Protein chains: 2
Amino acid sequence: MKRLGVSGSKRGRPDIVHSTLLTILGSPLDRERLLDVFVHTWEDYVIRVSPDARLPRNYDRFLGLIEQLYETKVVPPEGERLLELRVQTLHALLDELRPDRTVAFSTLGKSRSIRSVFAEAMPDRTAVLIGGFPRGHLRSEHERLAGELVAVDREAIDAWVIAGRVVYEFECAIGLDKKRLE
Amino acid sequence: MKRLGVSGSKRGRPDIVHSTLLTILGSPLDRERLLDVFVHTWEDYVIRVSPDARLPRNYDRFLGLIEQLYETKVVPPEGERLLELRVQTLHALLDELRPDRTVAFSTLGKSRSIRSVFAEAMPDRTAVLIGGFPRGHLRSEHERLAGELVAVDREAIDAWVIAGRVVYEFECAIGLDKKRLE
């Protein structure tokens with residue numbers, strides 16, 4: 001998985017982004033440097049998260065880091081960049097990343113298990129869009145950016161739960177779960 | 001999965017417990033009321049978490065709730081119990097729950113993928129022990145409570161990542177992922 005996007009998180013709910021990033025960045029897939037994470041916000045900012053970023057587990061410290069990011073555009077201001085903020089639409093971000101496959105999750109999508117989505121032969125560069133907002137759906141112009149719109153449960157499921165499962169199924173699809181035990 | 005225990009979380013790291021509970025309680029398995037969650041602490045307290053508990057996603061509000069719990073033993077003090085605190089060892093808790101199978105996760109365990117652990121025919125009452133501490137291992141007397149000690153990665157993985165994968169694999173093992181899409 002070359003790219004994994006968390007899309008549409010409103011600035012009002014950074015706790016959802018925090019939980020989701022902790023889940024993704026704690027995964028073996030991230031430790032193998034096989035994914036890139038972006039947070040696209042409602043106001044068309046994109047936060048680029050370095051695979052090396054060890055985010056604060058404490059929420060208040062995470063909030064402080066994000067506030068600093070909105071001021072300085074890069075944190076830390078010197079040395080290796082862990083987070084970087086740019087003005088960019090989701091469309092422009094995907095244009096830049098050029099994934100071979102783009103999957104978005106939404107209760108409005110086609111009913112499929114997460115396992116079946118990732119059981120297929122995977123192209124190298126897969127983008128995954130997960131809405132990070134407390135209710136509502138992906139904006140229709142964002143839905144249209146995805147080749148596949150998938151519903152994995154009849155109810156809305158928290159972003160960090162979906163993200164954890166997507167990363168895990170991707171690991172299993174490429175055999176990383178077994179490889180990490182050799 | 002009738003029982004799912006998060007064991008050994010020291011009081012100093014309630015953020016690990018918070019992230020882990022958010023992951024578990026956001027799952028379809030919890031929504032189907034098919035799991036019970038307990039937090040066993042270093043000082044031999046056990047927090048019983050109601051499947052109906054909708055925990056605060058905000059960490060400071062969660063901390064406030066836990067502080068209240070240590071004062072009043074039950075929260076909320078009136079009405080339906082969401083969290084309940086008792087003095088109880090992990091041994092006594094498992095004696096009470098009487099699971100048919102007890103699996104503990106530790107880098108000291110036998111190397112197996114999570115998928116293979118839950119691919120077997122599952123007894124009704126499975127207990128899972130996941131250490132919720134930042135470093136170190138399960139206490140040896142706790143390890144001995146488990147029939148199976150399993151390492152799912154060569155590195156230590158965050159408790160909430162393991163918990164999310166365990167719950168998910170259990171859902172797949174009982175076909176819940178497909179059933180929830182019918």
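What follows is a short chat about helices and chain copies.

Author: Quick ground rules: this is a predicted model, where local features need pLDDT of at least 70 and side-chain atom pairs count only at pLDDT 80 or more, while totals for chains, interfaces and linings use all residues. Residues are numbered from 1 along each chain as its sequence is written, chains are lettered from A and ligands numbered from 1 in the order in which they are written, and side-chain values use heavy atoms, without hydrogens and water.

Reader: How are α1(B) and α3(B) oriented to each other?

Author: Helices here are DSSP runs (H or I, at least four residues). The axes, lines fitted to C-alpha atoms over the stretch in contact with angles from 0 to 180 degrees between N-to-C directions, come within 11 Å and cross at roughly 105 degrees for α1 (residues 14-25) and α3 (residues 59-72) of chain B. With 65 to 115 degrees as the cut-off, that makes the pair roughly perpendicular.

Reader: Is α7(A) largely enclosed or open?

Author: Helix α7 (residues 159-173) of chain A has 15 residues. Of these, 14 are buried (under 20% relative accessible area, 1.4 Å probe, protein chains only). So α7(A) is, by the rest of the structure, largely enclosed.

Methods:
Helices (H or I, at least four residues) and strands (E, at least two) are DSSP runs, numbered from the N terminus. Angles under 35 degrees count as roughly parallel, over 145 as roughly antiparallel, 65 to 115 as roughly perpendicular and the rest as oblique. The expected span of a helix is 1.5 Å times one less than its number of residues. Buried means under 20% relative accessible area, exposed over 50%, partly exposed in between (1.4 Å probe, protein chains only).
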